[in-house]
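Below are my notes on the model, as numbered points. Please read them with the structure open.

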Amino acid sequence: RTGRPAALSTPPTLQLLPPPGNSPSFPTYYDATIRSCVLKNIEAVLEPRLSVFAEQVARAVALTNGEARAALDEVESAWEQSEAKLRGRLSDVEAQMVMLGDRAARFEERE
């Protein structure tokens with residue numbers, strides 16, 4: 001004896017057999033017909049809904065892309081305006097620096 005209960009020591013050949021009622025079988029013509037009808041009905045119900053959903057998603061994406069492009073254009077325009085203003089102000093500051101440098105040079109000459 002191995003010390004195992006008799007209920008657990010089943011022969012290995014019996015373990016390979018599926019439980020009764022669960023044996024593998026091929027679908028009958030009736031099963032295949034039912035499955036085909038169910039799939040066709042599911043397609044008939046879901047396909048139009050999926051098409052509508054896909055169109056709505058496409059419109060939403062297009063609208064979002066359009067809004068994003070418009071926002072980006074606004075940002076680019078504002079950036080260009082700010083850059084132009086900054087260049088003008090920088091030119092003014094440079095001119096003032098040159099003028100202050102000339103004044104400092106003349107002041108040093110007087111002393």
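1. Helices (H or I, at least four residues) and strands (E, at least two) are taken here as DSSP runs, numbered from the N terminus. On that basis the protein chain has two helices and zero strands. The model is predicted: local features need pLDDT of at least 70, side-chain atom pairs count only at pLDDT 80 or more, and totals for chains, interfaces and linings use all residues. Residues are numbered from 1 along each chain as its sequence is written, and side-chain values use heavy atoms, with hydrogens and water left out.

2. How much of the protein chain is buried (under 20% relative accessible area; exposed is over 50%, partly exposed in between; 1.4 Å probe, protein chains only)? Buried residues account for 0% of its 111 residues. The chain exposes about 10,700 Å², of which carbon and sulfur atoms supply 62%. These areas come from the Shrake-Rupley method with a 1.4 Å probe; for residues, only the protein chains shown count as cover.

3. Helix α2 covers residues 29-110. Its 82 residues reach 116 Å from the first C-alpha to the last, close to the 122 Å expected at 1.5 Å a residue. The expected span is 1.5 Å times one less than the number of residues.

4. Where does α2 bend by about 30°? The bend is at L46, and a proline, P48, follows within four residues. The angle is taken between axes fitted to the seven residues ending at a position and the seven starting there. L46 counts as partly exposed because its relative accessibility is 41%.

5. L46 also belongs to a nonpolar surface patch of about 750 Å², made with Y30, I34, V38, L39, I42, V45 and L50. Patches take residues with over 30% relative accessible area and no salt bridge, joining like charges within 9 Å and nonpolar side chains (Val, Leu, Ile, Met, Phe, Trp, Tyr) within 5 Å.

6. The structure holds two salt bridges, each a side-chain nitrogen of Lys or Arg within 4 Å of a carboxyl oxygen of Asp or Glu. One joins R69 and D73 (3.4 Å, N to O). Both residues lie in α2, four residues apart, about one turn of the helix. R69 is partly exposed at 47% relative accessible area, and D73 is partly exposed at 37%.

7. R87 and E83 form a salt bridge at 3.3 Å, N to O. They too lie in α2, four residues apart. R87 counts as exposed, at 56% relative accessibility, whereas E83 is partly exposed at 32%.
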